[in-house]
Amino acid sequence: METLINPLELLIQINLKLDRIEEKLSRFDGSEYFDKSKILTIDETCALMHVSKRTLQRYRDERLIRFSQIGSKITFRMSDVLQFLEDRGIQTKKEKKNRL
């Protein structure tokens, strides 16, 4: 004999599961993950590091900072820039605010 599924009960179960998923998503703070995976342009990198384009060029020439180049387009990963700053004991504005 077949078991009949009550559509109302099924809808209630689905709704409860969706509520739990929504609650978990609202608690998820992925800002750090997304920040570190961000790709930066030369201008953005200079602003973040508080250096000139020429200084950044010297860092690249001396292989002090990792970068990617496709054609003439040069980019930096946020995680590499933050690692460069951390290795030299330089704090970003965000870290300074957190310490206060």
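Student: What does Leu10 count as: buried, partly exposed or exposed?
Tutor: The relative accessibility of Leu10 is 39%, and the cut-offs are under 20% relative accessible area for buried and over 50% for exposed, with partly exposed in between (1.4 Å probe, protein chains only). The model is a predicted one, in which local features need pLDDT of at least 70 and side-chain atom pairs count only at pLDDT 80 or more, while totals for chains, interfaces and linings use all residues. Residues are numbered from 1 along each chain as its sequence is written, and side-chain values use heavy atoms, with hydrogens and water left out. By those cut-offs, Leu10 is partly exposed.

Student: How many helices and how many strands are there in the protein?
Tutor: Helices (H or I, at least four residues) and strands (E, at least two) are DSSP runs, numbered from the N terminus. The elements follow the order α-α-β-α-α-β-β-α-α from the N terminus on, and the total is six helices and three strands.

Student: What is the area of the nonpolar surface patch that includes Leu10?
Tutor: Leu10 has its place in helix 1 (residues 7-27), and the patch is made by Ile5, Leu10, Ile14, Leu18, Ile21 and Leu25. Patches consist of residues with over 30% relative accessible area and no salt bridge, like charges being joined within 9 Å and nonpolar side chains (Val, Leu, Ile, Met, Phe, Trp, Tyr) within 5 Å. Accessible areas come from the Shrake-Rupley method with a 1.4 Å probe, and for residues only the protein chains shown count as cover. The area of this patch is about 610 Å².

Student: Around helix 3, what arc do the buried residues cover?
Tutor: The buried residues of helix 3 are Thr45, Cys46 and Met49. They lie on the same side of helix 3 because the arc they cover around the axis is so limited, the arc being that of the directions from the helix axis to the C-beta atoms. Their cover includes strand 1 (39-40), helix 4 (53-61), strand 3 (73-77) and helix 5 (78-87).

Student: Which residue meets Asp43 in a salt bridge?
Tutor: A salt bridge is a side-chain nitrogen of Lys or Arg within 4 Å of a carboxyl oxygen of Asp or Glu, and by this rule there are three salt bridges. The one at Asp43 has an N to O distance of 3.1 Å, and it ties together parts that are ten residues apart in sequence, because Asp43 lies in helix 3 and its partner in helix 4.

Conventions: Contact means heavy atoms within 4.5 Å.
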